[in-house]
Amino acid sequence: MQMLVAKYNYWIYITLMMIGLYAMIAKNNLVKKIVGMSIFQTAIILFYVSIGAKRGATIPIIEHGHGEGHGAGTHMVHAVDYINPLPHVLMLTAIVVAVATLGVALALAIRVYNRYNTLEEDEILAQIREK
Amino acid sequence: MKIIGLIIAVLTGALLIYGTVDFPGWADPASPASTHLSPHFIEKTMEETSVPNIVTAVLADYRSYDTMFETTVIFSGGVVCFILLRIFRRKEPEDRLYRHVLTGATIRVKEGGKIPPDSDDFERIDTLWTPHDLIIKTVCRLLIPFIQLFGLYVIAHGHHSPGGGFQGGVILGASIMLLAISQDLRTAVQRMREKVDALLSPTGVFIYAGTGALCLLLGLNFMDYSALASVLYVDPVTARSHGILIVEIGVGVAVMATIIWIYNNLSSAGKYDEGL
């Protein structure tokens, strides 16, 4: 019970990730597969952001007054007061790259639709076998 | 297939949940991710780069190689969409619809028919044209300049508040997309032509990589912005802050152009005549 309360966040991400994985494997429609891929990516993003969380800490922007130069030496910065910035950096770039990959996936889906006039996987496969 | 997929998903999920036994608890300050590298970033960023927003500093300075190639990935995504979808053959659509602005009468021009001369009396309309809603049109026209201003603010103020090149670039791109949705695709393409997209997208990547190469030419490592101190006439710490700004502008330009490029290609399936 103690373990469940301490780690419920991971369980949520794993559930979300498996929903995406199931959609990618089992769904017949190509756009639904792409939606599944997006859900999968979102689960990973949530997982990373939650790794960066610290109890009692604030966002990773250092508080500073005006006109004090570089701020070095004026006051000490303690690592416990700020959450881990590293996962945020990784996910910041990952979100935009996810948009680019989503664009490529949708472009491929449009090409497939132009060629076969359908986005259902079984119908596409049947048309390929006929040839 | 559905059964196999369900079995795979449930098995993988069970294995992953079993793996969480070794994971640190929720928001644990002593977790491995927060103990090795991140304290250095949090405590030294201010004196090493003079940037209060640690995320920006790590993104564009400490991990600048990573970000440079992320920008390249986005550019590649735009190029792939362009190559897959763009149709260059000038195949005229069967029927073009024109609308007489004064009377509201719609003219259907058959294939090979004479297109009305370029006058202000006629405007080209989409096949699924509906009369423009006054509220949507006016609100979008009022909002777009402010959205773009906010995008520029997010890029320029990324050192001191949440923001930076990626976010600001996406906001700038979204403003042009809003134009395309509220009016039509041709209006947006007239404002931001395809050539501009295709030029700005690699220009952003070039600004990023060029800044890194400039540091190399000035005698320090690739992407070590303190080398820019002699060019910008500031001390090395401030030079790193300015170098981050230059790089963020490059990222913003690349992201903005690529997002618009991808949108134009996807929404019109490469024809650039009728969008969503």
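Predicted model: local features only at pLDDT ≥ 70, side-chain atom pairs only at ≥ 80, totals over all residues.

Student: What is the secondary structure of chain A?

Tutor: Chain A has five helices and zero strands, so along the sequence the pattern reads α-α-α-α-α. Its accessible surface is about 7,300 Å², with 66% of that belonging to carbon and sulfur atoms. Of the contacts in chain A with a separation of 6 or more, 59% are between residues 24 or more positions apart.

Student: Why is A:N9 called buried?

Tutor: Buried means under 20% relative accessible area. A:N9 has 3%, so the label applies. A:N9 is found in helix α2 (residues 8–26) of chain A. Leaving out residues up to four places away in sequence, A:N9 touches A:S50 and B:W26.

Student: What makes A:K33 and A:E121 a salt bridge?

Tutor: The cut-off is a side-chain nitrogen of Lys or Arg within 4 Å of a carboxyl oxygen of Asp or Glu. In this pair the closest N and O atoms are 3.5 Å apart, so A:K33 and A:E121 qualify. The pair links distant parts of the chain: A:K33 lies in helix α3 (residues 30–51) and A:E121 in helix α5 (residues 121–130), 88 residues apart.

Student: Why is A:K33 buried, and why is A:E121 partly exposed?

Tutor: Under 20% is buried, over 50% is exposed, and partly exposed is in between. A:K33 has a relative accessible area of 16%, so it is buried. A:E121 has 30%, so it is partly exposed.

Student: How many salt bridges are there over all chains?

Tutor: A search of the whole structure finds five. Among them is B:D66 with B:R63, where the closest N and O atoms are 3.0 Å apart. That value is within 4 Å, so the label holds. B:D66 has a relative accessible area of 24% and B:R63 has 28%. Both values fall between 20% and 50%, so B:D66 and B:R63 count as partly exposed.

Student: What about B:D184 and B:R186: how do you know that their side chains meet in a salt bridge?

Tutor: The N to O value is 3.3 Å, which is within 4 Å, so the side chains of B:D184 and B:R186 count as a salt bridge. B:D184 is buried, and so is B:R186.

Student: Moving to chain B, what makes it more spread out than a compact globule?

Tutor: Start with its elements. Chain B has 10 helices and three strands, in the order α-α-α-α-β-β-β-α-α-α-α-α-α from the N terminus. The radius of gyration of chain B is 25 Å, well over the 19 Å that the globule rule gives for 276 residues, so chain B is more spread out than a compact globule. Along its principal axes, the C-alpha trace of chain B spans about 70 × 65 × 35 Å.

Student: How do you know that the span of helix α2 of chain B is close to the expected one?

Tutor: Helix α2 (residues 38–49) of chain B has 12 residues, and 16 Å is expected at 1.5 Å a residue. The helix reaches 15 Å from its first C-alpha to its last, close to that value. Just after α2(B), B:S50 takes a positive phi of about 60°.

Student: Which residues of α2(B) are buried, and what do they pack against?

Tutor: B:S38, B:P39, B:F41, B:I42, B:T45, B:M46 and B:T49 are buried. The buried residues of α2(B) pack against α4 (85–116) of chain A, together with α3 (54–62) and α10 (236–267) of chain B.

Student: Which residues make the nonpolar surface patch, and why is B:L217 called exposed?

Tutor: The patch of about 440 Å² is made by B:L214, B:L217, B:L218, B:V231 and B:L232. Helices α8 (194–217) and α9 (229–232) of chain B each supply at least two of its residues. B:L217 is found in α8. Exposed means over 50%, and B:L217 has a relative accessible area of 73%, so B:L217 is exposed.

Key
Residues numbered from 1 in each chain as written. Chains lettered and ligands numbered in written order. Heavy atoms only, no water. Helix = DSSP H or I, 4+ residues; strand = E, 2+ residues; numbered from the N terminus. Buried < 20%, exposed > 50% of the residue type's maximum accessible area, 1.4 Å probe, protein only. Contact = heavy atoms within 4.5 Å. Areas by Shrake-Rupley, 256 points an atom, 1.4 Å probe, with all protein chains shown as cover. Patch = residues over 30% accessible without salt bridge, like charges linked within 9 Å, V, L, I, M, F, W, Y side chains within 5 Å. Rg over C-alpha atoms; globule rule 2.2 N^0.38 Å. Expected span 1.5 Å × (residues − 1).
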